Amino acid sequence: MLRYLTAGESHGPALMVVMEGLPAGLEISVEEIAHDLARRRLGYGRGPRMRFEQDEVTLLGGVRHGRTLGSPLAIQIANSEWTRNPEKWQTEMSPRAEDGPTASPLTQVRPGHADLAGMQKYGFTDARDVLERASARETAARVAAGAVAKKLLGSLGVEIVSHVIQMGSARAERGRRPGPGELDLVDANEVRCLDPQAAEAMVEEIKDAARDGDSLGGVVEAIAYGAPVGLGSHVHWDRKLDAALARAVMSIQAVKGVEIGDGFEVAGRRGSEAHDPISWSPEGGYSRGSALAGGVEGGISTGEPIVVRAAMKPLATLNRPTLATVDTATKEPGVSFKERTDVTAVPALGVVVETMVALVLADEAMRKFGGDSVVELVRNHQSSVAALAAGPVGV
Ligand code: EPS
């Protein structure tokens with residue numbers, strides 16, 4: 001089973017992720033991890049920080065001469081802010097008691113952010129004690145782990161892509177999905193949308209929101225091609241693949257909705273039009289004629305592409321704050337404090353959804369096929385594929 005923990009604050013020295021349960025012999029490199037981190041920084045509507053944030057990656061354990069050892073893999077991602085603005089952050093975020101506090105506390109809490117609920121829960125008087133960890137900067141650590149999970153899945157022939165299908169009120173044409181090998185095509189678009197007309201409308205909408213000092217949400221879709229039959233299980237709620245995907249994707253900062261396949265849209269159809277027909281051929285085995293169920297039936301992967309959509313709310317930090325709030329120090333009404341921020345992070349969200357889908361599928365693949373080395377994992381997977389091709393197995 002694949003486990004991972006992230007640590008680190010947005011303006012601290014670094015983010016960290018430790019992954020446990022990786023098989024030995026997986027080829028990984030700093031460059032591959034850095035590639036996905038760079039993809040996460042892409043996208044029209046990101047704030048000024050993304051222009052200088054370098055996401056400098058260091059592998060601290062678990063890998064030797066480019067291959068995993070089967071021991072915990074430790075990845076560090078330095079925060080450029082820490083070194084770029086040392087007078088501010090190295091005192092403001094110092095772990096030493098004698099260094100703080102330096103700045104006045106942030107008390108005009110932002111509606112929609114973790115500020116107030118986090119202060120109440122942990123007994124803080126400064127919203128910075130909450131926002132530093134609540135920040136979506138943390139997703140950089142997940143994306144680093146996700147790059148490794150994608151590499152593991154690649155050894156089983158699984159490839160995950162994503163694209164933006166809605167930005168604010170601008171929506172892409174339904175049905176056009178990136179296929180395997182088309183990530184570069186998606187990434188080449190500044191909003192990561194495949195539909196050129198919709199992409200233009202999305203950019204206009206971001207420009208409008210930026211002019212008003214406002215923010216935008218949207219919807220992204222991730223598709224996992226080549227996922228094996230039989231990940232997850234129908235037997236218990238916490239073994240269902242769709243439930244694991246929904247939990248993982250919902251845990252991404254600012255995500256407020258998750259769909260598997262056509263999700264909410266299917267609810268409005270009749271049963272006769274709401275399910276993917278099953279067919280069989282001697283060459284291809286079983287297949288479904290459509291992807292309404294998103295590649296998961298009864299909590300088990302069907303072998304069809306796995307489709308997961310995530311809805312992101314507009315970011316709660318505005319460049320021109322207008323949201324009514326209360327100052328937690330004085331209890332006076334006011335508007336939320338201003339932090340430098342992005343107009344939208346929806347294009348980046350696609351990369352983070354790919355990440356969470358990869359981490360769930362890699363965990364489920366290890367659970368189903370097992371193996372202490374990649375060679376053993378691949379062998380076990382191949383034997384499962386061969387057994388399925390031979391026909392139903394009695395127990
Ligand atoms: C974020 C605010 C901005 C974003 C940040 C998330 O950071 P800052 O306040 O330092 O300008 O740039 O996202 C990242 C740093 C990142 O790597 O995604 C927030 O409020 O969550």
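Is Y122 buried or exposed? In this predicted model, Y122 has a relative accessible area of 57%, so it counts as exposed. The partner is F124: the two ring centres sit 5.9 Å apart and the planes meet at 15°, so the pair is stacked. F124 itself is partly exposed, at 31% relative accessibility.

Charged pairs come next. Side chains of opposite charge can pair when their charged atoms come close. The structure holds 33 salt bridges. One of them joins E92 to R128, with 3.2 Å from N to O. E92 belongs to helix α4 (residues 86-92) and R128 to helix α6 (residues 128-134), so this bridge ties together parts that lie 36 residues apart in sequence. R128 is a buried arginine, at 8% relative accessibility.

Another bridge pairs D99 with R96, again with an N to O distance of 3.2 Å. Here D99 is partly exposed at 22% relative accessibility, and R96 is partly exposed as well, with a relative accessible area of 48%. In the bridge between R142 and E138, the closest N and O atoms are 2.9 Å apart. Both R142 and E138 are buried. Salt bridges also link up into a network, whose members are D36, R39, K150, D187, R192 and E354.

Now for helix packing. Two packed helices are described by the angle between their axes and the distance between the axes. For helix α10 (residues 241-250) against helix α12 (residues 346-369), the angle is about 140° and the axes are 9 Å apart. The crossing of these two helices, α10 and α12, is right-handed. On the α10 side, the contact is made by L241, A244, L245, A248 and V249, which meet V353, M356, V357, V360, L361 and E364 of α12. Sorted by type, the residues of this contact come out as 10 nonpolar, no polar and one charged.

A few spots in the backbone also deserve a look. Most residues other than glycine have a negative phi, and most peptide bonds are trans. The bond joining G100 and P101, however, is a cis peptide bond, with omega at about -10°. P101 is placed in the loop between α4 and α5 (115-122).

Positive phi values turn up in two loops. H65, a residue other than glycine, has a phi near 50°. This histidine, H65, falls in the loop between β4 (63-64) and β5 (67-68), and H65 is exposed, with a relative accessible area of 69%. K331 is likewise a residue other than glycine with a positive phi, in this case near 65°. The loop that holds K331 runs between β16 (324-326) and β17 (333-335). At 59% relative accessibility, K331 is exposed too.

Conventions:
Residues are numbered from 1 along each chain as its sequence is written. This is a predicted model: local features need pLDDT of at least 70, side-chain atom pairs count only at pLDDT 80 or more; totals for chains, interfaces and linings use all residues. Side-chain values use heavy atoms; hydrogens and water are left out. A salt bridge is a side-chain nitrogen of Lys or Arg within 4 Å of a carboxyl oxygen of Asp or Glu. Helices (H or I, at least four residues) and strands (E, at least two) are DSSP runs, numbered from the N terminus. Buried means under 20% relative accessible area, exposed over 50%, partly exposed in between (1.4 Å probe, protein chains only). Axes are lines fitted to C-alpha atoms, for helices over the stretch in contact, and angles run from 0 to 180 degrees between N-to-C directions. A crossing is left-handed if the near helix is turned anticlockwise from the far one by less than a right angle, and right-handed if clockwise. Contact means heavy atoms within 4.5 Å. Ala, Val, Leu, Ile, Met, Phe, Trp, Tyr, Cys and Pro count as nonpolar, Asp, Glu, Lys and Arg as charged, and the others, Gly among them, as polar. Rings of Phe, Tyr and Trp (its six-membered ring) pair if their centres lie within 6.5 Å; planes under 30 degrees apart count as stacked, over 60 as edge-to-face and the rest as tilted.
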